[in-house]
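The sequence and the structure come first, and the notes follow by topic.

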Amino acid sequence: MAKHEKQGLPLGIDVGGSGIKGAPVDLSEGTFAAKRLRIDTPVVSTPEAVADVINQVVEHFEDVRGDSPIGVTIPGVVTHGVVRSAANIDKSWLDFDAEPMLEAKLGHDIVLVNDADAAGVAEMHYGAAKGHQGLVVMTTLGTGIGSALIYDGKLIPNSELGHLEIDGYDAESRAASSVKDKEDLSYPEWAKRLQRYYSHVEALLWPDLFVVGGGVSKDAEQFLPLLKLRTPIVAATLQNKAGIIGAAHLAQEEHDRRHH
């Protein structure tokens, strides 16, 4: 496909509470095509302020051309380009139709996606869930618990499984890795809470595979072996690259759908 070679690469941008990170992505490999750029998230992180920073990231990469689609992750629920929840970003994102504003400002096709969903898509195509059929449940253990549901390679967006009520508690308020740190729990103590959480999700969804991401997943051997589940449970492999890679993948997919 000769015309594809001349196209710019898709760009993935991961918008977090403290930093906005981006890189062009080679989708044949699921790797960054250039060293990623990180810029601090603006103190008042309104959509306009964040769009200005995204623009700086876009302009930094020469592989990103006029036809490059851009995938942007947001720490919140996103339905049809509208942000519905805003945990670690400015409340002015709430119910804001962000995709058209970003497309007008940046002059590119934009796909806005929940950050855990983007990570799940990356693990499905390039990481720990590659080649798996059926239902894959990705969870990111961090400040809260993010989740992504992927069935036969297709994302079911905005699953919010961190907010399941278990034993009268919002699940993430007991089992997120931030709670482990705050309450100074040992890995075995925390694993008891994870056991309660994952066995509950398993009973509801009967997944074929659990993938566990988030920063704490690099210590997976300290807690995953302590869990007794019928579902295989594995650590994510892409670490903090997953959001950028998954966002770029989803953006390219949507771009191809719009233009063919």
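A polar contact is a pair of N or O atoms within 3.5 Å; within protein, one must be able to donate a hydrogen and the other to accept it. In this predicted model, the side chain of N114 has a polar atom 3.1 Å from the backbone nitrogen of D117.

**Residue N114**
- N114 belongs to strand β9, which covers residues 110-114.
- The relative accessibility of N114 is 6%, so N114 counts as buried, the cut-off being under 20%.
- Apart from neighbours within four places in sequence, N114 is in contact with I74, G76, V77, V78, S147, N158 and E160.

**Helices α4 and α8**
- The axes of α4 (residues 115-126) and α8 (residues 242-259) come within 7 Å and cross at roughly 85 degrees.
- α4 and α8 are therefore roughly perpendicular to each other, since angles of 65 to 115 degrees fall in that class.
- On the α4 side, the contact is made by A118, A119, V121, A122, E123, H125 and Y126.
- On the α8 side, it is made by A242, G243, I245, G246, A247, H249 and L250.
- Sorted by class, the contact of α4 with α8 has nine nonpolar, four polar and one charged residues.
- Helix α8 has 18 residues, and its first and last C-alpha atoms are 26 Å apart, close to the 26 Å expected at 1.5 Å a residue.
- The buried residues of α8 are A242, G243, I244, I245, G246, A247, A248, H249, L250, A251, Q252 and H255.

**Helix α2**
- Helix α2 (residues 47-60) has 14 residues and should therefore span 20 Å at 1.5 Å a residue, which agrees with the 20 Å between its end C-alpha atoms.
- Buried in α2 are P47, A49, V50, A51, V53, I54, V57 and V58.
- These buried residues of α2 pack against the strands β1 (11-15), β2 (19-26), β4 (37-40), β5 (70-74) and β8 (96-97), and against helix α3 (98-106).

**Positive phi in loops**
- Most residues other than glycine have a negative phi.
- D167 is not a glycine, yet its phi is positive, at about 55 degrees.
- D167 sits in the loop between β13 (165-166) and β14 (169-170), and at 52% relative accessibility it counts as exposed.
- W206, also a residue other than glycine, has a positive phi near 45 degrees.
- W206 sits in the loop between α7 (187-205) and β15 (209-213), and it is exposed, with a relative accessible area of 56%.

Methods
Residues are numbered from 1 along each chain as its sequence is written. This is a predicted model: local features need pLDDT of at least 70, side-chain atom pairs count only at pLDDT 80 or more; totals for chains, interfaces and linings use all residues. Side-chain values use heavy atoms; hydrogens and water are left out. Axes are lines fitted to C-alpha atoms, for helices over the stretch in contact, and angles run from 0 to 180 degrees between N-to-C directions. Helices (H or I, at least four residues) and strands (E, at least two) are DSSP runs, numbered from the N terminus. Angles under 35 degrees count as roughly parallel, over 145 as roughly antiparallel, 65 to 115 as roughly perpendicular and the rest as oblique. Contact means heavy atoms within 4.5 Å. Ala, Val, Leu, Ile, Met, Phe, Trp, Tyr, Cys and Pro count as nonpolar, Asp, Glu, Lys and Arg as charged, and the others, Gly among them, as polar. The expected span of a helix is 1.5 Å times one less than its number of residues. Buried means under 20% relative accessible area, exposed over 50%, partly exposed in between (1.4 Å probe, protein chains only).
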